[in-house]
Amino acid sequence: PALVRQAVRGLGRFERPELVAHILPLLSSPRAAVRREAANALGQALYTAKREDPERPELTRVTLALLNRLRLETDPQVRGVIAETVGRLPHRTTTAVADAEVALQALAAAPSQQPPALLRGAMRGLDFLIRGNQKLKTPDALTKERLRAVAVLASDPSDVELAAVRRDAWLAVLAATAADASLVDEGLDDQDAQEI
């Protein structure tokens with residue numbers, strides 16, 4: 001498993017869309033660590049597929065595969081990596097961005113009940129999605145609402161995982177221009193020094 005994980009990571013680092021065909025089957029590996037690497041490698045393989053370039057069929061295949069896997073996956077760490085990767089794909093259309101946004105915002109529903117690894121991937125994915133697609137689509141009201149809720153999610157001050165989730169949520173809140181004075185006031189009460 002360790003060798004397979006390293007191999008799929010290496011394939012992604014070539015940043016070549018034509019390698020997607022070799023990476024996609026590993027998205028359904030029986031090992032969670034391999035599935036995590038495969039999800040990340042798919043995003044890396046498409047890194048050079050710029051939005052201005054002609055449509056690449058690999059982009060559609062990867063988007064559909066990741067969104068489908070996100071629905072099926074049970075491991076929170078794998079789901080988090082998939083969420084982040086969905087957000088950083090070079091989406092070409094408003095519809096593609098909207099589909100990704102709906103999938104990611106669903107992960108932030110009832111944030112106090114979500115595992116931190118999943119929630120952090122969703123926040124990072126939304127941040128990438130919002131920043132990278134400002135010309136195609138602005139985030140909708142539900143996305144902004146969920147980002148705001150996660151940015152001020154209450155937790156034990158010693159819980160470093162949830163503090164990291166809130167930091168990522170704040171970045172996405174700022175990208176979405178969803179901050180206002182009341183949210184900032186609430187955020188200033190956070191015990192995490194990096195958020196203040």
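Guide: Before we start, a helix here is a DSSP run of H or I with at least four residues, and helices are numbered from the N terminus. Also, this is a predicted model.

Visitor: Is Arg 92 buried or exposed?

Guide: Buried, because its relative accessible area is 17% and the cut-off for buried is under 20%.

Visitor: And how far is the C-alpha of Arg 92 from that of Leu 59?

Guide: Those two C-alpha atoms are separated by 9.1 Å, while the residues sit 33 apart along the chain.

Visitor: Let's go to the start of the chain. What span should H1 have, and what does the model give?

Guide: Helix H1 covers residues 2-13, which makes twelve residues. At 1.5 Å a residue, taken one less time than the number of residues, H1 should span 16 Å. Its end C-alpha atoms are 17 Å apart, so the two values agree.

Visitor: Which other non-glycine residue has a positive phi, of about 50°?

Guide: That's Thr 177. You can find Thr 177 in the loop between H9 and helix H10, which runs over 181-188. Thr 177 counts as exposed, because its relative accessibility is 65%.

Visitor: New topic: which residues have the most contacts inside the largest nonpolar core?

Guide: Leu 42, Leu 66, Met 123 and Leu 147 do, in a core of 50 residues. Among the elements that give two or more residues to this core are helix H3 (32-45), helix H4 (57-72), helix H8 (141-151) and helix H9 (160-175).

Visitor: Pick Leu 66, then. What is Leu 66 in contact with?

Guide: If you leave aside neighbours within four places in sequence, Leu 66 touches Leu 27, Ala 39, Leu 42, Ile 82, Thr 85, Val 86 and Leu 89. Leu 42 is also among the residues with the most contacts inside the core.

Visitor: Where does Glu 58 sit, and why does Glu 58 count as buried or exposed?

Guide: Glu 58 is in helix H4. Glu 58 counts as buried because its relative accessibility is 13%.

Visitor: So what is in contact with Glu 58?

Guide: Setting aside neighbours within four places in sequence, the contacts of Glu 58 are Pro 17, Glu 18, Val 20 and Leu 46.

Visitor: How many cavities of 30 Å³ or more does the structure hold?

Guide: One. The largest cavity has a volume of about 40 Å³. Helix H6 (94-107) and helix H7 (116-132) are the elements that give two or more residues to its lining.

Visitor: Which residues line the largest cavity?

Guide: Val 97, Glu 101, Leu 129, Ile 130, Lys 137, Thr 138 and Pro 139 line it. By class, the lining has four nonpolar, one polar and two charged residues.

Terms used: Residues are numbered from 1 along each chain as its sequence is written. This is a predicted model: local features need pLDDT of at least 70, side-chain atom pairs count only at pLDDT 80 or more; totals for chains, interfaces and linings use all residues. Side-chain values use heavy atoms; hydrogens and water are left out. On a 1 Å grid over the protein atoms alone, a cavity is a set of points where a 1.4 Å probe fits but cannot get out, and a pocket is an open set with protein on both sides within 12 Å along at least five of seven lines; lining residues have an atom within 4 Å of a point. Grid points are joined across faces, edges and corners, and a volume is the space filled by probe spheres set on the points. Ala, Val, Leu, Ile, Met, Phe, Trp, Tyr, Cys and Pro count as nonpolar, Asp, Glu, Lys and Arg as charged, and the others, Gly among them, as polar. A nonpolar core is a set of buried Ala, Val, Leu, Ile, Met, Phe, Trp, Tyr and Cys residues joined through side-chain atoms within 4.5 Å. Buried means under 20% relative accessible area, exposed over 50%, partly exposed in between (1.4 Å probe, protein chains only). Contact means heavy atoms within 4.5 Å.
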